[in-house]
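Hi,

Here is the structure I promised to pass along.

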Amino acid sequence: MQYSLLSKFQGALLGAALGNYVGSHFEYQIEKNREDYKFFIDQDKFYLSKLEKNDLQKWGEITISCAESLIRKQAFNEDDWQKVYKEWQDKQYNHKGYTWKSNRIKDSSKKSEKLVEIVNNNQSDFHYINKDDILIPTISNAIIASLPVSLIYHEDEFKLKEKLQQWGNVWENNLEINLGNLVVGYIIAQALTDRLDPLTLIPKIIDYIGERELLVEQLRQVEKLIDQGANLDAAINHLSKNFKFLEKQQILDEGQQRSCSSTFFISISLALYCFLSTPEDFGLAVLRSARTGSSTQICTIVGILSGVYNSSAGVPVKWRKKMRVELLGMKDEVEILKLAKRLWALWCGVYDPNNVIQNMVPAVAATNVIRPRSHPASGS
């Protein structure tokens with residue numbers, strides 16, 4: 001079934017918020033509650049720790065800031081994004097309770113020697129990211145924060161890759177962040193252009209990210225599991241064992257081992273498995289992903305993919321009514337839908353996306369034919 005582009009934009013943002021929230025909720029519960037599929041649905045309220053609430057709001061704020069930068073500049077502007085990110089970072093550093101921890105390398109002497117060798121050889125594409133710093137995003141937080149870019153540039157796969165790369169510069173082009181954004185951004189593009197076929201998606205992803213990437217072998221295993229109709233437990237065991245096998249075979253070189261963790265490879269592959277094995281059912285896909293162990297990470301990715309594929313109409317109304325905390329840094333679902341509409345209006349070419357009223361149908365133009373400008377055109 002085909003859905004409007006606006007409803008898919010809204011589904012992506014709603015899916016991001018709900019997926020992240022559901023995952024955090026499940027991680028907060030005791031282990032026995034995670035075994036019950038109905039546990040989340042039957043709750044009158046959702047319970048999150050104070051830390052988890054702060055985390056949802058913190059990364060929601062940078063998502064909104066990214067969207068506002070796009071709307072303000074009428075395109076992705078790397079300089080403005082760097083400025084916005086720096087302001088957000090300073091705000092978090094100055095927040096009461098934030099403690100910065102210095103970089104600490106916690107590896108064997110052999111790996112430390114390799115790190116010295118990399119630095120001495122001026123391998124500038126290698127970056128050590130301090131995982132102890134709470135401002136370094138998890139893969140799911142990074143994907144949420146870059147979501148506005150993926151939505152706006154979904155039509156052009158080459159430009160999408162370029163803009164996501166520029167977006168990632170604020171985190172020193174960390175391989176984990178770039179790869180995660182690239183994979184999810186490509187799937188979003190396929191869904192928004194009505195070209196997403198669950199049966200052929202993984203080979204297309206591999207073509208897009210390139211055979212050289214280490215994630216490719218994991219993706220091939222996901223495709224095999226789906227073809228075999230493997231259940232969730234089998235998928236978790238197989239993908240975990242497969243990654244360990246890749247490590248033993250020394251497929252990962254030293255630099256990439258430090259940039260991409262086993263959590264990243266397993267999370268992104270399990271998210272794709274949960275989405276592609278039940279693509280038409282948002283609720284089932286998210287609830288299955290909540291039982292994988294890395295609930296917040298995987299639920300967030302699945303929520304985005306299923307949300308954009310099934311649109312806002314596919315997000316369970318019962319879930320949406322039970323939202324009790326600020327999601328994506330906004331007070332309620334209405335604000336999320338408004339932001340999605342403004343992003344959609346920007347993509348459409350509406351002269352002023354900020355003045356799109358909820359019930360108004362704006363006049364739009366084909367991409368690159370009529371575009372808004374921030375100042376009057378100069379006379380000839």
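Gln 166 touches Phe 76, Glu 78 and Trp 81, leaving aside residues up to four places away in sequence (a contact means heavy atoms within 4.5 Å). Gln 166 sits in helix α9, residues 157-167, and counts as buried at 18% relative accessibility (buried is under 20% relative accessible area, exposed over 50%, partly exposed in between, with a 1.4 Å probe and protein chains only).

Before you read on: this is a predicted model, where local features need pLDDT of at least 70, side-chain atom pairs count only at pLDDT 80 or more, and totals for chains, interfaces and linings use all residues. Residues are numbered from 1 along each chain as its sequence is written, and side-chain values use heavy atoms, with hydrogens and water left out.

On the whole chain: there are 19 helices and zero strands (DSSP runs numbered from the N terminus, helices being H or I with at least four residues, strands E with at least two). Of the 380 residues, 53% are buried.

Now the salt bridges (a side-chain nitrogen of Lys or Arg within 4 Å of a carboxyl oxygen of Asp or Glu). The whole structure has seven. One of them pairs Lys 91 with Glu 61 at 3.4 Å, N to O. Lys 91 is in helix α5 (residues 78-93) and Glu 61 in helix α4 (residues 50-73), so this pair ties together parts 30 residues apart in sequence. Another joins Lys 86 and Asp 90 at 3.0 Å, N to O; these two are four residues apart in helix α5, about one helical turn. Lys 86 is partly exposed at 43%, as is Asp 90 at 29%.

Cheers
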